[in-house]
Structures are given as C-alpha cells and as structure tokens.
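I am opening my notebook to record what I looked up, one entry at a time, with the structure beside me.

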Amino acid sequence: MRNNQDKILYGVDRVTVIVYVLLVVMGWLNIYAAVFNEEHQSIFDTSQKYGKQLIWISGAAIIAFSILVIDANFYTAFAYGFYGLFIIANILVIFLGREVKGSRSWFRFGDFGIQPAEFMKFATNLALAKFLSNQNIIVNQQFRLRFKDIIKNYKNTFIALFFVVTPLIIIKILQDETGLAIVFIAFIIVLYREGLSVNFLIFGILAAILFVVSLLVTQTSSLVLSLGIISFSSFLFIRRSRKNLITVTLIFLSAAGVVLTTNYVYNHLEPHQKVRIDVLLGRGTVDLKKEGYNVNQAKIAIGSGGFWGKGYLQGTQTKYDFVPEQDTDFIFCTVGEEWGFIGSTVVIFLELFLILRMIFLAERQRSDFSRIYGYGVAAVLFFHLAVNIGMTIGLMPVIGIPLPFFSYGGSSLWSFTILLFIFIKLDANRLLILR
Amino acid sequence: MSNNAQLADRKLVIGGFFGLIVLIYICRLFYIQIVDDKYMLAAQNNALRRMTEYPVRGFIFDRNGKLLVYNDPSYDLVVIPRETKGCDTASLCEVLQITKQEYLKRMKRACQAPNSPRKQSVFEKQMSAKTYAALQEKIYRFKGFFVEKRTVRKYPRPIAGHLLGYIAEVSKEKVAIDKYYHEGDYIGKSGIEKSYEEALRGKKGVQLVITDVHNKTIGRYAGGKYDTLAVPGQPLYCTIDMDLQEYGEKLMQGKKGAVVAIEPSTGEILALISSPGYDPNLLVGGKERARNFARLYLDSTLPLVNRALQGMYPPGSTFKLIDALIAQNDGVINRSTSFPCHRGYPPMGNKPKCHPHAPVDLVGSVAVSCNSYYSYVFREITDQKKYPHFIDGYNHWRDMVRTFGPGTHLGTDLPYDKPGNVPSVEYYNKVFGKNGWRSNTIVSLGIGQAELLLVPLQMANVIATIANQGFYYIPHCVKGIGNNRTTDKRFTEKHYVGVQKPEAYLNVIDGMQMCFDAGTAYYEKVPGVVACGKTGTAENPHGKSHAVFMAFAPRDKPKIVIACLIENAGFGGVWSAPVVSLMMEKYLTGKVTRKAEEEKIMAVDLIHGKNLLTTESH
C-alpha cells in the first residue's frame with residue numbers, strides 16, 4: 001500500500017479533475033471577456049482582474065496538489081480542528097478585518113483579500129461528516145407527541161443542525177454576509193441523505209411556500225381562514241381520531257403562525273432584501289432603473305445572446321458595464337450573451353455533471369465519512385449553481401454568491417478547490433482504508 | 001452506523017431534484033434567449049447610440065450670383081463635468097467674463113438631467129472669435145473643457161432680414177410631428193430659410209456608436225458599416241437684386257412701410273423691403289440672439305413684422321386701375337366716357353370728396369385720379385341691367401377683383417403672407433342688414449377705401465398684371481435650387497386675370513403714363529425712361545393717410561414694377577413716388593443722377609416726425 005501512495009495521482013478521479021480544469025479555464029476566459037478593455041489587452045496583465053485570477057488559479061493548483069500529497073487521514077483526524085479554527089477566524093475577522101461595503105469579512109494582504117467565511121464551507125463539511133459518521137439521525141420510531149421522545153429521537157439531528165447553523169449565524173449576523181451565510185442551508189441535503197426525517201423537509205418546504213403565498217396575498221385574514229378550511233376538510237379523507245385531530249390542529253396552527261409572522265419577518269428584512277424579494281415576486285411597482293436594474297440588465301444581457309451568442313469578446317451589455325458585478329456574481333451573463341443558449345447549456349450541464357459525479361463517487365465510498373463529505377460537496381456546489389444562475393435569469397432573488405469555479409475571486413476559487421480536492425483525495429483512498 | 005440500504009433510494013431523490021431544477025433553468029434560458037426577442041431589442045437600445053453629423057446649411061445667392069448668406073465657423077465650449085478636476089476655474093471665468101457663481105450655476109446644469117456629469121454638454125454657445133482666441137491659448141489649463149466647431153449664418157450686407165428669415169432651435173411641437181428633427185436642431189423659422197428649409201438643411205449623417213453604461217463612447221458599431229455621411233445643404237439662387245434691395249432699404253430708412261419690386265415678365269421678386277428692417281446678423285444666435293430678438297420684438301415700430309406680406313393696407317386710388325379695367329371689359333365705359341365731378345361724388349352729397357381738376361375722360365381720370373369718376377365707374381359695374389339684383393353685380397365685381405389677387409393668397413414662396421380682404425356679401429349683410437345696402441352705400445370701395453385691404457405684394461402683382469396686359473406669374477423669390485437651377489413649376493405658369501381686352505389695358509396704361517407726364521407724379525419722372533404709374537392716398541383709421549405709389553417701366557417691354565407704401569406719410573406723390581422713381585432709375589440705368597432727391601429722401605425720418613416737408617393731402 002505504501003508503494004501505491006508514492007504516486008500522488010493514484011486513484012484520483014480523472015473525470016472530476018478534467019471537468020474542474022475545464023470550468024476554471026472557461027471561467028477565466030469569461031472574466032477576461034467581462035472586464036475586457038482595449039487598454040489592457042493581455043490576459044496576463046496582473047493589474048486587471050483576469051490577470052489576478054490567473055494568480056488565484058495558480059494558487060488553486062498548488063493547493064490542489066498539496067491536498068493530494070497530504071495523507072487522507074489528516075482530514076478526518078483534524079475535522080473538528082478545522083471547524084474550530086475557522087469558527088475562530090470568522091469571529092476574529094470582525095475585529096481584524098478590513099471594512100468593505102459596510103461589512104468586515106475580509107483579511108487584506110496588499111492587493112489580495114481572503115474571506116474566511118468561504119473556507120467555513122469545507123470545514124463545516126468535514127465536521128458534519130465526522131459527526132454523522134459516528135452518529136445516527138434516522139428516526140425509526142413512530143411519531144410521538146411526548147416531549148421526552150422528541151428530545152431523544154431528534155437529539156443527534158439537532159446536534160448536526162447545530163454544526164450547520166452556528167457558522168450561518170456568525171456569518172449572517174456578525175459579518176452581515178447574507179450570501180455566504182445562506183449557503184449553509186445546503187447541508188440539509190446531506191442530512192436528508194443520512195436519514196433526516198422527511199417531516200423536517202416537508203415542514204420547511206411548506207413554510208417556504210406559505211411565506212411566498214402570504215407575501216402575494218394581501219388579505220392575511222382570508223388566507224388564514226382558507227388554511228383552516230383546507231386543514232379541517234382533510235377529515236373528509238382521514239380517520240376522525242383524537243390523534244389526527246391534534247396533528248391537524250398543530251399543522252394548522254404552525255401554518256397560521258408562518259402566515260402571521262411573514263409580514264413581521266418581511267418588515268424586519270433590510271430594505272435591499274425586501275426589494276429583491278419584491279422584484280422576484282413582481283410585488284408592487286418595480287423601477288427598472290433602480291431596484292429592478294440588476295436583474296433586468298442581467299436578463300437583457302443573457303436574452304440578447306440568442307441561440308449562438310454574439311461571439312467571444314463581442315458582448316456589449318457585459319463588457320460595457322450595463323450588468324453590475326459582471327465578473328463575479330453575474331459572470332453567467334457574459335456566458336449567456338457571448339455564447340448564447342448553446343454556451344449557457346454547456347456551462348450548466350458541466351456544473352451539473354460535476355455535481356452528479358460527486359453523488360456517484362459518494363455512493364461508491366466504503367467509509368461513511370467520505371460519503372457524507374461527498375454529499376456535502378455536491379450539496380454546496382448545487383446550492384451555488386441554483387441560486388447564482390437562478391438570480392441572473394430572474395427565478396431567484398438576488399443573493400451575492402459566486403458561480404463555482406467560474407466567478408472572479410480568490411477566496412471562492414480556493415475554497416471550492418479545497419472542498420473538491422479533499423473529496424478527490426478521500427475517493428482516491430477509498431480502496432486503501434476502511435474508516 | 002447508518003442504515004445505508006434503507007436510505008440508498010434517497011440518492012435518486014437528490015439527483016432527480018438537482019436535474020429537475022437544472023431542467024427548469026434550461027427551459028427558462030430557452031425562453032429568454034430564443035423565444036422572447038424583447039431582450040435583444042433592449043440590448044441594442046442599451047448600447048447603440050446614434051450620433052448625428054450636422055450638414056452645412058446651403059448658401060443663398062442673389063440674382064446676379066452675389067452672396068447673400070453664407071456660414072461662418074462658430075465655436076461652442078463644451079464640458080464633461082466629471083473630467084474637470086484640476087481645471088483653472090478662475091482664469092476660465094476671466095476669459096469667458098462670467099462670475100464664479102455663474103460658472104457653478106452652469107456646471108450644475110451640466111450635471112443635471114438630461115445632462116450628466118459623464119456626458120458632454122454645451123457650456124458656452126457660439127463664442128466670439130476674440131473669446132475663442134483667448135480661450136485657445138489656455139485651453140490646456142481648462143481640464144474637461146473642449147471646443148466644438150459648428151456654423152452660424154452670416155450676412156455680408158445687413159439687408160433683407162425679413163426676406164431671408166432666420167434659423168433658430170426647433171420647437172418641441174415640430175419635433176413631435178417631424179421625425180427628421182431632434183431637440184436642439186436648428187430650423188428655418190421665417191422667410192426663405194423657412195420655405196426652403198428642406199433644400200437648405202441638407203441631410204444629417206448618422207454614426208452608430210457603441211456606448212457603455214455611462215453613455216461614454218467606446219467605438220464605431222460594426223466598423224462604421226451602417227454609418228451615413230452628412231449631405232450638405234443645396235445653394236439657393238434668389239431672384240433678389242442685392243443692390244436694388246440695399247438701395248431701397250436705404251431710401252426707406254426712417255419710414256414705416258414696404259416696397260415690392262417684381263420683374264413682370266417672370267414674376268421674380270427683385271426687392272422685397274419692409275421698413276423698419278433689421279440687420280439679419282443680429283439673429284444668428286449666441287448670447288446676443290435672445291437679447292436682440294426681445295429688443296426687436298418689443299420695438300413699437302414692429303421691425304420683426306414683414307409689412308410687404310403681412311401689412312394689410314387700403315390700396316387707395318391705385319385701386320382705380322382695376323375698376324377701370326373691369327368697367328371697360330364689361331363695356332360700361334370706354335376711352336371717352338366722362339362723369340361729373342363737383343369736388344366730390346354728386347349723388348352722395350359730393351362724397352367721397354375730390355380735388356379741383358379739369359373735366360376728364362378715362363385716360364385723364366387715371367392721371368388726375370378723380371374720385372367721383374370711379375364712384376360712378378364702380379356703380380356702372382355693380383348696377384348693370386344684366387344682373388337681376390345688385391348683389392349679383394357686386395359679386396361679379398368682387399370675383400373680377402379677386403382674379404387680380406386681392407383677397408387671396410397669391411401662392412408665393414415666402415411664408416406667412418396675408419390674403420388681404422375684398423369684403424363679401426355676407427359681411428355687408430351683417431353690417432347693414434339684408435337689403436340694407438346698395439351700391440351707393442359702399443361706393444368708396446370703388447376708390448380703394450372702406451374695408452378693401454391689400455398687402456404690398458398684391459399691389460405689386462396688380463401692376464405687374466397691367467404691365468403684362470392681362471396675366472401674371474406668381475411672385476416668387478427663388479429661381480434655382482442647387483446646381484441644376486430647378487424651381488417650382490407653379491412659378492412658370494401664366495395666371496390670366498378676368499380682364500383680357502387689350503385696348504382696356506392700353507387706355508389704363510396711357511393714363512398711367514400721363515400720371516408722370518402731366519398728372520400726380522409729374523415731379524418724379526425717371527430720366528430717360530418712359531414710366532407708367534399711379535398714386536394713392538389711403539385713408540385709414542390709424543392717423544394720417546398712407547402714401548401709396550405703384551409704377552412700371554419702361555412702358556414697352558416692362559422690366560420692373562414697383563409698389564411702395566409708406567405708412568401715415570400723406571399724399572402718395574410726395575413720399576412714395578420718389579422712392580419708386582429712384583429705385584427704377586437705379587435698376588434700369590444702374591446709377592442715380594438725382595443725388596439731391598436721393599439725399600432728401602434718405603435723410604427724412606417720418607417715424608419720429610423729423611421731416612419738415614409734409615404736405616397735407618387729398
């Protein structure tokens with residue numbers, strides 16, 4: 001076994017690495033197109049973002065290589081260590097970091113900056129994998145209404161959720177980085193794979209639907225009334241037992257609770273977040289010059305690409321700054337405009353392929369840790385893909401999160417690289433060690 | 001420890017969920033990129049801007065090829081406010097002679113919508129050459145400021161302001177209905193500049209440029225493939241004789257009124273003077289334009305009104321010519337017809353009045369301008385037995401008069417001409433009641449008074465018709481557009497009037513010649529030329545009578561007709577006849593021998609009553 005480990009690339013999944021390299025290079029070319037200007041034509045010009053991105057890419061290559069060199073046991077052994085380390089880093093950044101756009105989430109080193117919140121993703125994934133590989137969150141027992149049973153049944157679930165929610169709260173509340181924080185919701189998918197009760201998901205999805213519905217319906221009282229009618233008319237189809245009565249009543253009360261708190265929650269959102277929700281739902285009047293500008297311009301850029309696109313470096317909307325953040329969060333607009341429907345589909349399918357490949361690799365792991373970690377990678381990548389592209393085509397509210405491997409930025413590229421290559425390393429070792 | 005087998009199906013749920021979301025996204029992309037093309041259009045509106053290249057406006061020449069209007073380079077100072085960092089503001093203010101407050105005010109305006117700090121906007125319009133020179137020396141110190149070259153109209157001689165008209169910024173209303181114009185464009189507002197706007201303006205060129213989100217120009221769209229070049233405006237060749245126009249304007253100095261000179265054989269307007277006039281250079285634009293315009297607008301002598309086309313005056317005795325022609329045509333009078341005159345028209349108690357003169361026949365009646373004679377003539381026409389009712393006779397007279405032009409738009413190529421007035425039956429029915437009036441009630445129409453009104457251009461056209469013995473060409477002031485010297489077909493068509501008997505014209509022309517030889521214009525003979533004329537003294541409610549004189553010369557193959565009207569100047573022979581006579585001499589002989597008379601006329605200021613030679617008139 002030692003002999004095999006002499007070769008660094010032994011067991012490394014080449015398909016994944018190739019797709020990774022493809023995405024990174026395509027991203028880099030699109031950053032060049034997005035911020036292209038006549039004065040700095042060289043793609044290697046480090047005064048420009050595409051030049052800088054090349055430096056980040058080189059760094060990412062070194063990081064990827066290093067991860068493959070290091071013994072896989074290192075990641076399992078120090079899973080909690082990483083978690084604790086980055087929790088501390090994320091708290092420290094509030095005091096030591098440089099203020100950018102009103103939030104302190106950056107450590108600055110000269111021209112370059114690092115966001116510790118980005119690295120919290122893989123640390124959380126490691127810790128979650130470590131915890132879940134030793135615990136069981138499956139709930140086999142029937143649904144009981146006794147408080148003691150609930151605590152007993154869901155204890156591990158709550159601990160797992162605690163691993164996820166802690167960084168979320170730190171990043172959201174202390175650093176005020178909604179985009180970076182909301183990503184941690186993705187780990188719900190991991191928990192689901194590992195046996196999270198479907199009740200949680202159903203409750204969550206229903207709550208989300210109700211939230212949207214109650215924002216769209218102006219008359220709260222009639223909504224609550226119709227909810228009541230729907231709930232209790234269910235007795236036409238189910239047995240009229242005391243247990244069912246309590247269940248239905250509880251469901252109705254929670255639903256009504258969601259409806260009634262919606263306006264409270266909405267009113268306590270920050271103004272720009274309210275506006276983003278309004279824009280998505282088409283609530284009230286949206287001024288395309290102000291709050292609706294980003295999404296409208298993004299749609300115009302992508303929509304004007306047509307089937308074949310305008311050709312590389314021929315995009316006018318992205319290149320001439322009509323689309324804001326066209327090199328970072330809205331990088332997909334450049335793809336849509338210059339490469340058209342064909343290019344957009346290729347990029348989305350490449351990303352999806354990578355994600356499904358993660359699931360495929362995860363499922364072939366013999367160790368629970370590796371499998372759980374693999375699902376974490378897939379979930380985080382998918383969450384980014386869905387929200388990022390969703391917002392550029394007007395299907396999601398605008399949340400500032402990057403498109404994996406594509407968007408400009410060192411922290412996100414490095415954090416995705418670390419996230420991915422740890423799993424590649426774990427996968428490469430799957431035959432050697434049974435954890 | 002997890003129960004893997006039991007949960008293995010969940011991988012399908014997760015994978016299926018991922019695939020479903022991506023499928024929805026692909027459908028959405030398909031819709032906005034391929035099905036819905038509104039984003040394509042929005043993108044073009046976003047990034048393509050049409051830049052206009054302004055053509056040079058056409059020059060205007062007089063009938064002899066002398067330049068009347070050309071263009072001068074002018075310089076606008078433009079600014080891009082956000083690039084003015086480090087600009088030497090103090091010395092810029094000094095060069096432009098503005099205060100710091102004014103500077104800040106203009107800067108603020110340049111930053112506000114529809115302007116923008118990133119967009120260039122005009123800071124100072126049409127700088128004087130002196131300012132431009134001073135500015136050019138220091139322009140490197142004025143960061144963010146640039147000089148843009150444009151052109152303004154320029155007039156070598158300060159004449160013919162009314163005739164040439166002026167250009168100014170196009171109105172919002174015009175922009176709304178005419179796609180060619182955009183706000184800030186210039187357009188001809190009056191005179192030739194207005195009527196020949198389409199030929200003069202040329203064609204704007206268009207450059208499609210790509211702009212960024214800040215409206216900054218990035219480059220040509222498609223390498224300039226869809227750009228068009230500006231086409232310069234066409235030159236215009238006027239019928240105006242610049243020297244005659246200038247001479248006439250000098251003679252009319254200090255007098256309110258109008259002079260129109262026409263070449264009868266073509267209908268070409270040789271001079272069109274409205275006095276007081278103004279120097280057209282005053283209205284070319286820049287800071288002074290608004291000030292000058294306001295000053296001219298408020299002037300009580302109405303220098304902006306083109307009296308030659310818009311001043312409606314009673315023609316007075318000059319109108320007797322038309323009566324004489326119609327009556328002869330109808331056969332109610334002939335050369336030897338005479339009527340009693342008792343220093344007035346006897347049937348109405350010797351009103352209208354007349355002046356003492358020997359008994360006259362038709363020719364003499366024209367020469368001495370007998371009021372009684374033409375009161376009878378008017379009644380002879382209207383009260384003819386062949387008409388069952390007097391009203392029909394009146395309508396016949398009115399129709400005949402209108403064929404000469406009065407009461408109609410002649411169709412000249414200058415804008416805003418007034419039609420004058422030949423009162424209708426309906427009008428008199430309203431004033432006197434139906435059947436409440438007879439020919440005697442309105443007999444003063446016969447001597448060109450009462451409600452009868454003509455504009456000076458129509459007066460000139462009447463004389464041109466008499467000189468041509470029965471027809472006229474529509475008076476016009478442009479005879480060629482561009483290099484092929486084309487002109488509107490309507491200016492080469494003969495318009496025949498109601499009177500076509502040659503002897504009728506001969507009798508009238510004899511009388512008009514006698515007017516110079518022995519009549520009311522005896523002192524205004526044109527040396528060496530046989531001229532025919534008619535005086536008029538138009539009574540009006542605005543004070544002293546208007547002095548009218550119209551004439552043509554020479555009698556055989558007439559080369560020029562002139563109508564002159566001077567407001568409130570009294571008897572036509574005294575002030576208007578000399579102006580006409582001198583202009584004829586100038587035009588026909590090329591020089592003026594009667595220097596003393598010329599000086600006298602030019603020197604007199606009738607507006608401010610500085611003349612000592614006023615003659616009480618008839």
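The entries below go from chain B as a whole to one of its sheets, and then to single residues.

**Entry 1: the model and chain B overall**

I note at the start that this is a predicted model, and I keep that in mind for every entry. I looked up the make-up of chain B and found 22 helices and 18 strands. Its radius of gyration is 34 Å, well over the 25 Å that the globule rule gives for 618 residues, so I write down that chain B is more spread out than a compact globule. I also looked up the span of its C-alpha trace along the principal axes, which is about 145 × 60 × 45 Å. Of the 618 residues in chain B, 53% are buried. The accessible surface of this chain comes to about 27,900 Å², and carbon and sulfur atoms hold 53% of that area. When I took the contacts in chain B with a separation of 6 or more, 70% of them came from residues 24 or more positions apart.

**Entry 2: a five-stranded sheet in chain B**

In which order do the five strands of the open sheet in chain B lie? I read the order as β12-β11-β18-β17-β16, with antiparallel pairing. The edge strands are β12 (268-275) and β16 (532-540), each of which pairs on one side only. Neighbouring strands of this sheet are turned by 10° against each other on average, with direction ignored. Helix α20 (residues 502-517) of chain B packs on the sheet and touches β16 and β17, and its direction makes about 80° with that of β16(B).

I then followed the pairings one by one. Strand β16(B) pairs with β17 (residues 543-553) of chain B in the antiparallel sense over eight bridges, and B:G536 has B:V548 in β17(B) as its bridge partner. Seven bridges join β17(B) to β18(B), again running antiparallel, and here B:A547 stands opposite B:I566. Strand β11 (residues 257-263) of chain B is joined to β18(B) by six bridges, also antiparallel, with B:A261 partnered by B:I562.

**Entry 3: strand β18 of chain B**

Are the residues of strand β18 (residues 560-566) of chain B mostly covered or uncovered? I found that seven of its seven residues are buried. In a regular strand the side chains alternate between the two faces of the sheet, so I looked at each side separately. On one side B:I560, B:I562, B:C564 and B:I566 are buried, and on the other B:V561, B:A563 and B:L565 are buried, which leaves both faces of β18(B) covered.

Most residues other than glycine have a negative phi, and most peptide bonds are trans. Strands β17(B) and β18(B) form a hairpin with six residues between them, and B:K557 in the turn has a positive phi of about 45°. In the loop between β17 and β18 of chain B I also found B:P554, which a cis peptide bond joins to B:A553, with omega about -15°. A cis peptide bond also leads from B:S275 to B:P276, with omega near 0°, and B:P276 is found in the loop between β12 and α12 (287-298) of chain B.

Two further residues have a positive phi without being glycine. A:F405, with phi near 70°, lies in the loop between α16 and α17 (410-428) of chain A and is buried, with a relative accessible area of 1%. B:N435, with phi about 65°, sits in the loop between α18 (425-432) and α19 (456-468) of chain B and counts as exposed, at 53% relative accessibility.

For B:C354, the nearest cysteine sulfur is that of B:C341, 3.8 Å away; because the cut-off for a disulfide is 2.5 Å, B:C354 is in no disulfide.

**Entry 4: two loop residues in chain A**

A:T328 is found in the loop between α14 (293-303) and α15 (331-363) of chain A, and I noted it as buried, at 13% relative accessible area. Not counting residues up to four places away in sequence, A:T328 touches A:S407 and A:Y408.

A:Q365 has its place in the loop between α15 and α16 (368-392) of chain A and is buried, with a relative accessible area of 7%. Leaving aside neighbours within four places in sequence, its contacts include A:F423 and A:R430.

Terms used
Residues numbered from 1 in each chain as written. Chains lettered and ligands numbered in written order. Heavy atoms only, no water. Pairing = 2+ DSSP bridges. Helix = DSSP H or I, 4+ residues; strand = E, 2+ residues; numbered from the N terminus. Axes fitted to C-alpha atoms, helices over the stretch in contact; angles between N-to-C directions. Contact = heavy atoms within 4.5 Å. Buried < 20%, exposed > 50% of the residue type's maximum accessible area, 1.4 Å probe, protein only. Rg over C-alpha atoms; globule rule 2.2 N^0.38 Å. Areas by Shrake-Rupley, 256 points an atom, 1.4 Å probe, with all protein chains shown as cover.
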